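Good morning, and thank you for coming. Please look at the display as I speak.

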Amino acid sequence: MHVLETKNLTLSYGEHIILDQLNLTIPQGKITVLIGSNGCGKSTLLRSMARLLKPASGSILLDGEMMIKLPTKEIAKKLAILPQGPVSPEGLTVLQLVKQGRYPYQKWLQQWSSKDEAIVQHALQSTGMAELSDRLVDSLSGGQRQRAWIAMTLAQDTDTILLDEPTTYLDLTHQIEVLDLLFELNEKEKRTVVMVLHDINLACRYAHHIVAVKDKAVYGSGKPEDIIDRELIRDVFNLECEVVPDPVFGTPMCVPYGKGRLMNGVKKNDIHIHA
Amino acid sequence: MRKYASVRAFRDRISFLIDRKAFLYTVIFLLFLGVVFLISVGMGEQLFSPWKAFNIMLGNGSSFESLIVQSFRMPRILISILVGISLAVAGAILQAILRNPLASPDVIGITGGASVAVVLFLAIFSNESNALTVSIHWMPLAAFIGATIVAILLYLLAWKNGLSSFRLVLVGIGLWALTKALTNLFMIIGPIHQAAQANVWITGSVYGSNWSNVQILAPITIVLLLIAFIMTRHLNIQELGEDIALGVGARLERQRFSLLLLSTGLIGSAVAFAGGIGFVGLMAPHIARKLVGSSFGNLLPLSAIIGAVLVLLADTIGRTVFLPIEVPAGVFTAAIGAPYFIYLLYRQRNA
């Protein structure tokens with residue numbers, strides 16, 4: 001069963017084609033991570049799957065239905081997206097932000113039903129933001145702020161969540177905090193998570209399914225253990241590296257070549273690696 | 001005490017989350033508006049205490065006192081309040097759709113459009129002896145048309161595969177400069193005495209308001225205000241940015257268009273009766289935001305009341321302190337507003 005599927009999807013900005021005739025499936029109930037070099041179109045792909053960008057041609061299917069034919073509010077009840085680096089207006093509390101995830105369910109006079117309240121509370125609990133719900137979003141740390149936004153997408157009560165680089169601008173501690181949270185949401189609540197990540201090692205650690213994008217097309221997709229190797233990294237990122245098992249998780253870990261102070265623990269005097 | 005109260009009726013079909021602090025502020029400012037109202041009714045060449053003013057309003061005064069209060073002061077006060085409400089709510093809406101805290105009716109040229117229309121109106125419908133050839137009562141209509149034309153221009157020029165906030169602001173500032181230039185041009189070309197008349201109008205004054213003005217403006221303001229309150233959750237979502245708004249299923253273009261239309265209606269009708277009273281649309285939402293934050297359910301009512309207080313205070317001072325000279329209300333709103341604007345710019349620079 002596929003939640004999201006693209007059929008001959010072509011995306012472009014004006015005349016400039018970003019992705020050409022793409023066929024892709026996103027497995028249900030899994031964490032899928034899109035990887036690729038800067039500007040390869042992975043974010044564009046994610047945005048188009050959330051109907052933020054209209055395809056030049058081809059189509060996107062959500063639960064087997066043509067997305068373009070679904071009312072936008074119905075899509076919002078099935079699929080939530082957290083874009084990259086969202087900015088909240090000054091003076092908004094966490095609760096006021098998270099509450100807005102209920103937008104597709106609200107009506108003129110019905111803006112805070114018991115169900116709204118229960119789901120917002122649940123979203124705050126599962127992101128660990130319940131204690132901070134009266135705080136202003138501006139006053140939070142980067143990691144907390146990102147958790148608040150994730151809570152808002154959770155309040156949308158969708159089976160599928162799309163996130164565009166949810167760890168950008170976060171230090172390592174907060175990156176892990178956010179990714180662990182998404183992992184738990186997938187694990188406990190069986191939500192399908194699709195995200196763009198820059199860090200391949202973290203991608204391998206959390207993703208069930210990886211999609212590598214290169215040259216306007218999907219270069220390869222599958223389990224990280226099956227597809228991430230030297231060749232893929234060389235072709236997709238144009239980078240020479242060793243792929244070794246992650247010492248903690250055993251998942252593939254890329255150790256890139258390049259310049260550095262030491263080589264194999266010793267000072268490298270005249271060793272030159274030509275990548 | 002809990003910070004929020006859930007209000008629910010009819011099996012949640014009517015349900016809101018009320019922020020207690022915001023509710024409290026709204027009540028306090030409403031009371032404050034009431035006090036300013038009574039003081040304003042009592043002030044003028046004939047001075048009454050607020051208590052006396054209250055009694056006169058209830059019909060317990062002499063016929064002379066009633067005449068002063070009912071026929072001269074009340075309409076003017078009510079127009080001030082309505083205009084303040086309209087400008088403040090329009091400002092708050094513009095700040096949301098443009099996602100810019102410095103946006104206001106003045107800055108994006110809508111008020112300017114009304115000014116051009118008024119100057120043109122005075123120039124076209126005058127004969128050689130400087131007398132108007134049509135009734136002055138048509139001037140509000142001219143102002144409204146001017147505001148609407150600029151809003152339409154703004155929309156058309158900013159449109160490019162959709163309506164981006166950024167383009168709206170830039171095009172708006174361009175239009176503002178253009179209307180300013182046109183107003184000056186027509187004033188210089190036109191006869192000198194009209195320039196004076198036009199100038200009072202452009203500064204913004206509620207001088208000479210009467211009950212028929214109130215009868216026209218009140219229903220318009222009330223209807224538009226209700227629509228604004230219905231649209232609060234759309235305003236809230238717009239403030240989170242285009243991607244978020246589209247993501248939760250908002251029909252962004254349509255909402256932006258109707259919100260722009262709504263604010264044009266509010267500005268146009270306010271400007272039509274009170275001229276270009278400046279800075280209220282900027283200041284009132286800002287002060288409200290400082291007090292209750294940026295959730296529109298809290299922000300709109302408080303902005304409206306603060307706007308009403310500002311214009312009413314400005315006009316009360318203007319018509320009493322410098323007697324027998326009347327100073328237009330717009331002079332005072334600008335006198336507080338301009339430094340406030342500079343302060344905001346300064347703060348933004350340091351942010």
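Is Asp157(A) buried or exposed? The model before you is a predicted one, and in it Asp157(A) has 20 other C-beta atoms within 10 Å. The cut-off for a buried residue is 20 or more such atoms, and therefore Asp157(A) counts as buried. This residue lies in the loop that links helix 5 and strand 7 of chain A. Its phi is positive, near 55°, although Asp157(A) is not a glycine. For background, most residues other than glycine have a negative phi.

A second residue may be set beside it. Asn238(A), again not a glycine, has a positive phi near 60°. Where is Asn238(A) placed? It sits in the loop between helix 9, residues 230-237, and strand 11, residues 241-245, of chain A. Asn238(A) has 10 other C-beta atoms within 10 Å. A residue with 12 or fewer is exposed, so Asn238(A) is classed as exposed.

Helix 5 of chain A covers residues 142-155, and helix 4 of chain A packs against it. In general, two packed helices are described by the angle between their axes and the distance between the axes. Here the angle is about 145° and the axes are 8 Å apart. The crossing of helix 4 and helix 5 of chain A is right-handed. Which residues meet there? Helix 4 of chain A brings Ile119(A), Val120(A), Ala123(A), Leu124(A) and Ser126(A), while helix 5 of chain A brings Ala151(A), Leu154(A) and Ala155(A). Sorted by class, that contact has seven nonpolar residues, one polar residue and no charged residues.

One of the facing pairs is Leu79(A) with Thr160(A), the latter in strand 7 of chain A. Within strand 6 of chain A, Leu79(A) and Ile81(A) point one way, and Ala80(A) and Leu82(A) point the other way. All four of these residues are buried.

In chain A, six strands make an open sheet of mixed pairing, in the order 6-7-8-3-9-10. Which strands are at the edges? They are strand 6 and strand 10, residues 217-222, of chain A, each of which pairs on one side only. From one strand to the next, the twist averages 15°. Elsewhere in the order, strand 3 of chain A, residues 31-35, runs parallel to strand 9 of chain A, residues 209-214, with four bridges between them. There, Ile35(A) has Ala212(A) in strand 9 of chain A as its bridge partner. Helix 1 of chain A, residues 42-49, packs on the sheet and touches strands 3, 7, 8 and 9 of chain A. The direction of helix 1 makes about 145° with that of strand 7 of chain A.

I turn now to the meeting of the two chains. How many residues of chain A are in contact with chain B? There are 34, and they meet 27 residues of chain B. The elements of chain A that give two or more residues to this side are helix 2, strand 6, helix 3 and helix 4. The largest share, four residues, comes from helix 2 of chain A. By class, this side of chain A has 16 nonpolar, 13 polar and five charged residues.

Chain B has 14 helices and two strands. Its radius of gyration is 21 Å, close to the 20 Å that the globule rule gives for 351 residues, so chain B is as compact as a globular protein of that length. Of those 351 residues, 50% are buried. Strand 1, residues 4-9, and strand 2, residues 14-19, of chain B pair in the antiparallel sense over six bridges. Tyr4(B) stands opposite Asp19(B) in strand 2 of chain B. The two strands form a hairpin with four residues between them, and Phe10(B) in the turn has a positive phi of about 50°.

Finally, chain A as a whole. Chain A has nine helices and 14 strands. Of its 275 residues, 44% count as buried. A compact globule of 275 residues would have a radius of gyration near 19 Å, and the 20 Å of chain A agrees with that.

How values were computed
Residues numbered from 1 in each chain as written. Chains lettered and ligands numbered in written order. Predicted model: local features only at pLDDT ≥ 70, side-chain atom pairs only at ≥ 80, totals over all residues. Rg over C-alpha atoms; globule rule 2.2 N^0.38 Å. Contact = placed C-beta atoms within 7 Å. Nonpolar A, V, L, I, M, F, W, Y, C, P; charged D, E, K, R; others polar. Pairing = 2+ DSSP bridges. Axes fitted to C-alpha atoms, helices over the stretch in contact; angles between N-to-C directions. Left-handed = near helix turned anticlockwise from the far one by under 90°.
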